[in-house]
Every structure is written in C-alpha cells, then in structure tokens.
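Subject: Structure handover

Hello,

Here is the structure for you to look over. My notes follow below it.

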Amino acid sequence: MGSDVGTPAAKRKKMFALADSIGLERDERIELSKAILWRDITSWKHLSDEQVVRILDALEGFEKVRWLLENR
C-alpha cells in the first residue's frame with residue numbers, strides 16, 4: 001500500500017498536528033517536552049525519533065482522556 005504512517009517523519013508530523021489541534025503554543029510545547037523527557041529542550045525540530053514517540057504517546061493519551069471526559 002505504501003503507507004508511511006509508522007515512519008519517523010509521519011510520527012513527527014502527527015506530533016505537530018496533535019499539538020496544534022490541542023492548541024499548544026510553541027512555548028507550551030517546549031515546557032511539556034521538558035517535563036516529559038526530563039531534558040533541556042529548545043526546539044521540537046531537534047527531538048530524536050525516540051523522543052518524538054514519547055511526546056506523541058503523551059499527546060495521544062491526552063486526546064483520549066479529553067474525548068472520554070467530553071462524552072460522559
């Protein structure tokens with residue numbers, strides 16, 4: 001099928017899209033990533049593939065919790 005859903009580039013793109021859909025501003029994204037990764041982060045552009053996966057997991061988890069609370 002040629003799907004690239006699981007590629008690092010696709011995950012990075014999804015991470016940015018989820019952050020945008022949540023309404024996170026750049027400074028908020030940086031602070032969130034510092035809390036999740038316990039690293040001094042200055043830009044999402046420099047995250048490793050593993051760090052992207054961790055941030056994406058957190059954002060997807062938030063989306064699921066938000067959906068659950070909205071559908072009580």
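A residue counts as buried under 20% relative accessible area, as exposed over 50%, and as partly exposed in between (1.4 Å probe, protein chains only). This is a predicted model, in which local features need pLDDT of at least 70 and side-chain atom pairs count only at pLDDT 80 or more, while totals for chains, interfaces and linings use all residues. Residues are numbered from 1 along each chain as its sequence is written, and side-chain values use heavy atoms, with hydrogens and water left out.

The overall picture comes first. The protein chain has 3 helices and 0 strands, in the order α-α-α along the sequence. Helices (H or I, at least four residues) and strands (E, at least two) are DSSP runs, numbered from the N terminus. The C-alpha trace spans about 40 × 35 × 20 Å along its principal axes. Of the 72 residues in the protein chain, 28% are buried.

On contacts, meaning heavy atoms within 4.5 Å: taking those between residues at least 6 apart in sequence, 53% join residues at least 24 apart.

Trp-38 sits in the loop between helix H2 (26-37) and helix H3 (49-70). Trp-38 counts as exposed because its relative accessibility is 75%. Its side chain reaches the backbone oxygen of Ala-35 at 3.5 Å.

Regards

Terms used: Polar contact = N/O pair within 3.5 Å; in protein donor to acceptor, adjacent residues only side chain to side chain.
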